[in-house]
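Have the structure open as you read.

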Amino acid sequence: MPRGGGLMASGARLRLLLALWMLAAPARPVAADAGDGGWQRRGPGAAAAAAEEERCAVERRADLSYSEFVQHYAFSRPVILQRLTDNSRFRALCSREKLLASFGDSVVRLSTANTYSYRKVDLPFQEYVEHLLHPQDPTSLGNDTLYFFGDNNFSEWASLFQHYSPPPFSLLGTTAAYSFGVAATAGNSTGAGSGVPFHWHGPGFSEVVYGRKRWFLYPPEKTPEFHPNKTTLAWLQDVYPALAPSERPLECTVQAGEVLYFPDRWWHATLNLDTSVFISTFLS
């Protein structure tokens, strides 16, 4: 089939899946905000499909100086930064209630959760939050799984972004660009997780505002074994257990309020262990 015909067929399939998700999405209990911004709405007795790693292999640093950052991490290895900025105001504005009140009617662009994110779907932010933030079918492929990350309308979301304080580190010759997202939990025993499979790009920072995000990272010279159209959770369940210790990635779960820095061209994949709100600062 010509490429154009494939795009049309895939687009029609995504629209059909979107309609079915909205019809089938179960009603979820409304939980009180216990420091999670009102985002964690897992039903009683539901267990997460994935847990944190046994041992975090990425160094955590608090009060890191710029000279230490450049000397030890900027060009060589990831690091998790703690207590570098105060984003309490930004975090308060990212609660479920406040985001829906401010941006519920705003149209957001969803991307498919595969390595290349070719397909895009536009819909109101409120519809995404109320109908698509639930566990996916475990057999779903990446190009059938939609999530909100990047593709932000910066003019429309400027009132939120102006309250964000990015990490105070930059690299010579780069400019910073924000990418904001909200993604579903990794689900339970009947649902697959959200996140993106392995890919690489320029250096950047990724801060978790609410929730937890598990990261898997390989240096540029070590290409991971993965299928670009299978979810990170599928990779974790099917490929990861068979990897020899020397073949396993650096991994760590980034907690709310922490920022992960990844150097240029490092392979990385992510898995949301909770419904997560996050913002990345790409240096390009």
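Two strands count as paired if DSSP finds at least two bridges between them. Keep that in mind for Tyr210, which stands opposite Val277 in β12. This is a predicted model, and the notes below cover its sheet and some of its salt bridges.

**The sheet**
- The sheet is open and built from 9 strands, in the order β1-β2-β10-β7-β12-β6-β5-β3-β4, with mixed pairing.
- At the edges sit β1 (60–62) and β4 (120–124), each of which pairs on one side only.
- Going from one strand to the next, the twist averages 30 degrees.

**Around β12**
- Strand β12 takes in residues 276–283 and is mostly covered, with 7 of its 8 residues buried.
- Strand β6 (residues 176–183) runs antiparallel to β12, and 8 bridges join the two.
- Within that pairing, look for Ser179 opposite Ser280 in β12.
- Strand β7 (residues 204–210) is also antiparallel to β12, joined to it by 6 bridges.

**β3 and β5**
- Strands β3 (residues 107–112) and β5 (residues 146–149) run antiparallel and are joined by 2 bridges.
- Thr112 has Leu146 in β5 as its bridge partner.

**Salt bridges**
- How many salt bridges does the structure hold? There are 9.
- One of them brings the side chains of Arg212 and Glu52 together at 3.0 Å, N to O. Arg212 belongs to strand β8 (residues 212–218) and Glu52 to the loop between α1 (3–24) and β1, so the partners come from distant parts of the chain, 160 residues apart.
- Arg212 is partly exposed at 21% relative accessibility, and Glu52 is partly exposed too, at 35%.
- The side chains of Glu59 and Arg77 meet at 3.3 Å, N to O, in another salt bridge. Glu59 is in the loop between α1 and β1, while Arg77 is in the loop between α2 (66–72) and β2 (79–82), 18 residues apart.
- Both ends are partly exposed: Glu59 has a relative accessible area of 33%, and Arg77 comes in at 35%.
- Arg60 and Glu258 form a salt bridge through their side chains at 2.8 Å, N to O. Because Arg60 lies in strand β1 and Glu258 in the loop between β9 (250–255) and β10 (259–262), this pair ties together parts that are 198 residues apart in sequence.
- Is Glu258 buried or exposed? Glu258 is buried, with a relative accessible area of 8%, whereas Arg60 is partly exposed at 32%.

How values were computed:
Residues are numbered from 1 along each chain as its sequence is written. This is a predicted model: local features need pLDDT of at least 70, side-chain atom pairs count only at pLDDT 80 or more; totals for chains, interfaces and linings use all residues. Side-chain values use heavy atoms; hydrogens and water are left out. Helices (H or I, at least four residues) and strands (E, at least two) are DSSP runs, numbered from the N terminus. Axes are lines fitted to C-alpha atoms, for helices over the stretch in contact, and angles run from 0 to 180 degrees between N-to-C directions. Buried means under 20% relative accessible area, exposed over 50%, partly exposed in between (1.4 Å probe, protein chains only). A salt bridge is a side-chain nitrogen of Lys or Arg within 4 Å of a carboxyl oxygen of Asp or Glu.
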